[in-house]
Amino acid sequence: MTATTYSDVWNLEVFFNGGSDSSEFADHLERTGQLIELFATKVDNWTPLNSLEDRQFLQEVLEDIENAVVKLIQAGAFVGCLLAQNTEDKKAYTHDAKVTSLSAAFQTALGSFDNLLTTIDDEVWQELLANEPLVELSFVLTESRERAKEKLSKEEEALISALEVDGYHSWGQLYDLIVSKIKISINENGEEKQLSVGQASNKFSSPDRDERAVIFQNWEKAWGAQADFLAKTLNHLSGFRLSVYEKRGWEDVLKEPLNINRMEKETLETMWAVISENKLKLVAYLERKAKLLGVEKLSWYDLEAPFGTTASNLSYQEGAKFIEQNFAAFGERMATFARDAFEDQWIEGEDRPGKAPGGFCTFFPESEQSRIFMTYSGTPSNVSTLAHELGHGFHTFAMRGVPLLNRNYAMNVAETASTFAEMIVADAAVKNAKDIGEKLALLDDKVQRTVALLMNIHARYLFETRFYEERKQGPVSVERLNELMLTAQKDAYCDALEEYHPLFWASKLHFFITDVPFYNFPYTFGYLFSLGIYAEALEEGKGYEDKYISLLRDTASMPVEELAQKHLQVDLTQKDFWEKAVHICIDDIDEFLELTKDI
Ligand SMILES: [Zn+2]
């Protein structure tokens with residue numbers, strides 16, 4: 001084998017030459033605008049004949065949509081990469097604003113199109129979609145049509161969207177503004193310091209318990225001081241959402257999030273039921289962790305406390321090789337995909353100033369390529385982020401050749417491939433740990449994540465469903481919000497903690513996000529769905545890869561129950577699949593308990 005050295009800087013030139021000054025990109029934006037306008041004009045002038053003669057128009061306009069979407073996503077991906085690689089790139093911000101306005105124009109036209117579909121009778125509709133090429137898109141088209149049917153008239157929905165700008169969405173923005181003003185004070189070496197919310201929350205993973213406790217006290221105090229404003233914001237934001245639901249005749253607040261995630265309520269309830277039945281194991285872990293930290297019971301601020309000794313760093317080359325090798329143990333195509341991604345410079349990992357924080361994987365549909373962004377400094381968590389993002393890239397890669405309209409997967413399955421890839425690498429890292437301290441640190445990290453997804457997210461889900469029910473009767477006071485949150489946390493953590501975080505309803509951004517309602521259960525679903533597939537893969541070995549790829553290809557063109565039935569032959573409304581998935585988490589806990597029993 002020849003020793004290859006991978007570059008840790010990505011190549012964006014293959015898409016558009018010259019970065020944010022690219023004239024190729026300026027032309028691309030112009031062309032995108034023209035395509036959107038073409039689509040919008042056609043829709044504006046269309047009156048469905050409500051007969052099979054509509055097929056011709058539908059075929060044509062769907063091609064227009066695909067052409068516009070390909071260009072629009074390509075543009076958005078390029079701008080996203082420019083902004084991430086250099087946060088000072090002023091020209092990229094201008095491009096970003098342009099892409100946003102193009103997307104808005106496209107969405108408006110798409111809304112009108114979906115609305116017109118509702119004027120076609122059901123029988124005609126089914127006949128229209130019965131043949132190639134429309135049959136392939138029948139799920140997504142019918143879904144759009146059904147969603148439009150369940151909304152108010154085109155004019156009423158347009159009015160709601162207009163009012164949302166200064167109503168609904170403004171409450172979300174007000175939240176961000178309030179949070180940006182919050183400072184949490186700490187005393188560092190005798191000096192009083194003011195931390196931002198983000199800086200302060202990093203301190204919860206400090207190994208020093210006293211430091212965590214003090215931060216937590218000040219953290220609660222700071223949020224408490226703003227609680228009146230935050231409660232008002234939350235009450236109006238949820239009130240707006242509930243009013244819209246009421247006008248549309250939607251009684252269940254879970255209707256919209258379940259629909260967006262293409263899943264049944266029964267599936268959701270079964271998932272939580274299996275989680276609840278297995279909570280005792282999680283409690284056993286929390287108790288052991290308390291003992292190891294020398295306390296009676298853990299507190300909220302101990303949940304992210306590190307344990308064990310930090311694993312050794314891996315250079316970018318070592319990290320890449322480690323990922324490639326372990327992907328190969330699962331399947332050839334995943335390994336080849338990773339190697340090609342490294343070789344063809346799909347990854348921006350260089351540790352240098354001026355880059356945006358965080359990591360992502362983005363897709364350039366016109367080129368059928370992805371790009372991964374992160375800052376790689378060699379920590380074990382960097383290696384797993386890299387594997388995670390490569391997993392996203394593999395998902396898109398697996399979907400090659402699928403019509404773009406069938407590639408728009410929902411949040412609950414979006415993390416399937418990424419979690420899967422991360423699990424492969426995380427398990428390998430635990431196995432390869434050089435000593436017990438390192439092994440414990442890596443295992444603890446995995447279990448902490450399980451606790452977050454099965455307990456913390458559960459608390460958010462319980463709080464949010466209960467809160468929305470109460471909000472239907474009128475605004476909910478700060479005291480009551482605290483009470484609802486405290487009860488939800490006690491329920492979700494099975495009373496296993498000493499101190500809780502009643503103001504979590506204020507400090508957690510997710511309750512204030514207006515683009516997506518109920519930003520909680522899809523995380524847990526995605527995690528366990530992926531683990532369930534991982535469990536099968538472990539049983540079946542290498543031959544599983546083909547099955548896995550066909551599942552990924554279908555993630556955006558059917559409900560999750562059908563997806564699981566078709567590819568895994570399991571019924572998601574029944575407990576078996578979920579039990580298998582939760583068991584993977586329990587295995588980690590068992591290993592942790594075994595390794596620490598004599599410490
Ligand atoms: Zn992800």
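Author: The questions below go from the whole protein to single residues.

Author: This is a predicted model, in which local features need pLDDT of at least 70 and side-chain atom pairs count only at pLDDT 80 or more, while totals for chains, interfaces and linings use all residues. Residues are numbered from 1 along each chain as its sequence is written, and side-chain values use heavy atoms, with hydrogens and water left out.

Reader: What radius of gyration does the protein have?
Author: The radius is taken over C-alpha atoms, and the globule rule is 2.2 Å times the number of residues to the power 0.38. For 599 residues, a compact globule would have a value near 25 Å, and the protein agrees with this at 25 Å.

Reader: How many helices and strands does the protein have?
Author: Helices (H or I, at least four residues) and strands (E, at least two) are DSSP runs, numbered from the N terminus. Counted in this way, the protein has 25 helices and 5 strands.

Reader: What share of the residues is buried?
Author: Buried means under 20% relative accessible area, exposed over 50%, and partly exposed in between (1.4 Å probe, protein chains only). Of the 599 residues in the protein, the buried share is 53%.

Reader: How many salt bridges does a search of the whole structure find?
Author: A salt bridge is a side-chain nitrogen of Lys or Arg within 4 Å of a carboxyl oxygen of Asp or Glu. One network of them links Asp122, Arg145, Glu146 and Lys149. The search of the whole structure finds 40.

Reader: Which residues form the negative surface patch?
Author: Patches are made of residues with over 30% relative accessible area and no salt bridge, like charges being joined within 9 Å. Helix H12 (265-277) and helix H25 (575-595) each supply at least two residues of the negative patch. Asp571, in the loop between helix H24 (560-568) and H25, counts as partly exposed at 35% relative accessibility. The patch is formed by Glu264, Glu266, Glu269, Asp571, Asp576 and Glu579.

Reader: Where does Pro133 lie?
Author: The peptide bond from Glu132 to Pro133 is cis, with omega near -5°. Pro133 lies in the loop between helix H4 (122-128) and H5.

Reader: What phi does Asn50 have?
Author: Asn50 lies in the loop between helix H1 (23-44) and helix H2 (54-85). Asn50 is partly exposed, with a relative accessible area of 26%. Although Asn50 is not a glycine, its phi is positive, at about 60°.

How values were computed. Patches are made of residues with over 30% relative accessible area and no salt bridge: like charges are joined within 9 Å, nonpolar side chains (Val, Leu, Ile, Met, Phe, Trp, Tyr) within 5 Å. Accessible areas come from the Shrake-Rupley method with a 1.4 Å probe; for residues, only the protein chains shown count as cover. Lys and Arg count as positive and Asp and Glu as negative; His and the chain ends are not counted. The place of a charge is taken as NZ of Lys, CZ of Arg, CG of Asp or CD of Glu.
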